[in-house]
Amino acid sequence: TKNSIQKPEYRYMKRWGALLICLLAVFFACTPSSKYLLKKNYKLSIDKEYIRVLLLKTADTVEIRADSEMKITDKKTSKVISEKKEMFTINPDKLNNPIYLESKNSQNSLNGNNYRGMVEIHNVMGKLWVINKLRIDEYLLSVVPAEIPSSWNIEALKAQAVAARTYTYYHLSRNKQALYDLDSSNKSQMYRGIAVENDSSSEAVMKTSGEVITFNNDPILSYFHSTCGGKTIDDKFVWKKNDFEYLKSKKCDFCKESTKYSWETQLSLSDMKKYLSKKFHGIGKIKKISFNKESGRVIDVTIMHSNGMMNITGNDFRLAFPETVIRSTFFNAKKNRDGFLLTGKGWGHGVGMCQWGAKGMAEKGYNYKSILKHYYSNVNIIKINDKYLAAKAKKTESLQ
């Protein structure tokens with residue numbers, strides 16, 4: 001027939017074309033794509049360009065609205081429930097399956113606060129868990145100005161952006177089964193949505209986009225705090241199970257301008273019992289308290305009381321009180337007739353980067369990389385890219 005007649009040169013072209021297709025298939029089968037390499041490395045995989053931030057746990061109703069059409073999808077069935085521009089009220093008694101809410105302009109309002117990305121809501125034991133899923137740099141646009149003032153020197157803002165990004169990537173590799181990766185409070189990193197975004201801090205995020213701090217080629221646990229009071233402390237003296245080589249005590253002469261550099265608190269024994277009892281049950285009348293120190297900071301506290309004796313870490317002791325009462329573990333305790341007079345320095349746990357110290361260093365001309373390398377020992381600052389991910393994937397395969 002007419003369709004079966006072909007010119008000789010056309011037949012050769014078909015053969016060469018088929019051979020070329022086979023060769024390309026073999027090549028791509030043997031050479032992993034960048035997406036494959038990203039997925040092989042869980043810590044920095046392509047689907048982990050997103051962060052899931054817990055915004056709220058509540059037994060009350062939640063109001064969600066958007067300025068454009070909002071698509072609501074049942075996560076379990078993948079069924080689209082609604083695609084309208086209106087306010088939605090989510091009641092925990094009526095929510096059975098988890099839902100996704102995503103607006104066309106990628107902004108949502110939750111109880112009057114605006115957030116980028118999408119919102120995911122779960123019913124967990126009768127409470128709504130509201131989770132914001134968004135790209136990491138979009139998340140950092142809010143984290144940086146929530147952590148430090150946007151009016152600070154740009155190099156301090158960049159240092160905060162890289163430290164916060166690194167902290168994020170570190171936790172992405174460790175929360176495989178959790179509903180969220182970080183929460184929005186100082187238990188993780190402060191996150192307040194779009195309202196706090198600022199041009200200066202946004203510039204710091206974008207100019208350092210993709211940059212993380214690494215030790216042995218892995219993102220570090222980049223702790224930071226407000227004010228160290230003159231020197232930071234090894235992490236092992238704050239959290240007993242920690243002992244990272246890059247979190248060592250560093251002298252800091254740069255945070256003296258901090259409004260929290262020094263503080264003083266008078267506490268009676270009854271005040272101590274009141275605060276400690278909220279966290280540690282069974283405490284009787286306090287008879288005696290002893291403080292064990294390392295590098296000037298309280299690392300262990302022994303409490304003798306009418307019901308026995310209790311040993312807790314210095315950091316747990318600090319956290320049992322309102323943050324404005326005991327600002328740090330860097331204090332001296334002097335007994336007086338009213339109880340104890342605590343005279344201290346700094347604010348926060350004292351591990352890693354001192355934020356006010358970063359401000360002071362920036363004002364003295366240090367750039368953000370020098371600031372970070374001052375507070376974190378023997379680290380590198382790298383930009384995440386396919387080459388880095390390929391090396392990580394190769395390392396992962398060799399260990400399997």
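**View 1. Ser-295 counts as partly exposed because its relative accessibility is 32%.** Buried means under 20% relative accessible area, exposed over 50%, and partly exposed in between (1.4 Å probe, protein chains only). Ser-295 sits in the loop between β16 (286–294) and β17 (297–305). Its phi is positive, about 55°, although Ser-295 is not a glycine. This is a predicted model, in which local features need pLDDT of at least 70 and side-chain atom pairs count only at pLDDT 80 or more, while totals for chains, interfaces and linings use all residues. Residues are numbered from 1 along each chain as its sequence is written, and side-chain values use heavy atoms, with hydrogens and water left out.

**View 2. Met-125 lies in the loop between β9 (118–124) and β10 (127–135).** Strands (E, at least two residues) and helices (H or I, at least four) are DSSP runs, numbered from the N terminus. Met-125 is not a glycine, yet has a positive phi of about 55°. Its relative accessibility is 82%, so Met-125 counts as exposed.

**View 3. Helix α4 (residues 154–172) packs on helix α5 (residues 199–207) at about 55°.** The axes are 8 Å apart. α4 is therefore oblique to α5. Angles under 35 degrees count as roughly parallel, over 145 as roughly antiparallel, 65 to 115 as roughly perpendicular, and the rest as oblique. Axes are lines fitted to C-alpha atoms, for helices over the stretch in contact, and angles run from 0 to 180 degrees between N-to-C directions. The crossing is right-handed: the near helix is turned clockwise from the far one by less than a right angle. On the α4 side, Ile-154, Leu-157, Lys-158, Ala-161 and Arg-165 make the contact. Ser-200, Ser-201, Glu-203, Ala-204, Val-205 and Lys-207 meet them from α5. Contact means heavy atoms within 4.5 Å. By class, 5 residues are nonpolar, 2 polar and 4 charged. Ala, Val, Leu, Ile, Met, Phe, Trp, Tyr, Cys and Pro count as nonpolar, Asp, Glu, Lys and Arg as charged, and the others, Gly among them, as polar.

**View 4. Helix α3 (residues 136–147) crosses α5 at roughly 135°.** Their axes come within 9 Å. That angle makes α3 oblique to α5. This crossing is right-handed. α3 contributes Asp-137, Leu-140, Leu-141, Val-144 and Pro-145 to the contact. From α5 come Ser-201, Ser-202, Val-205 and Met-206. The classes are 6 nonpolar, 2 polar and 1 charged.
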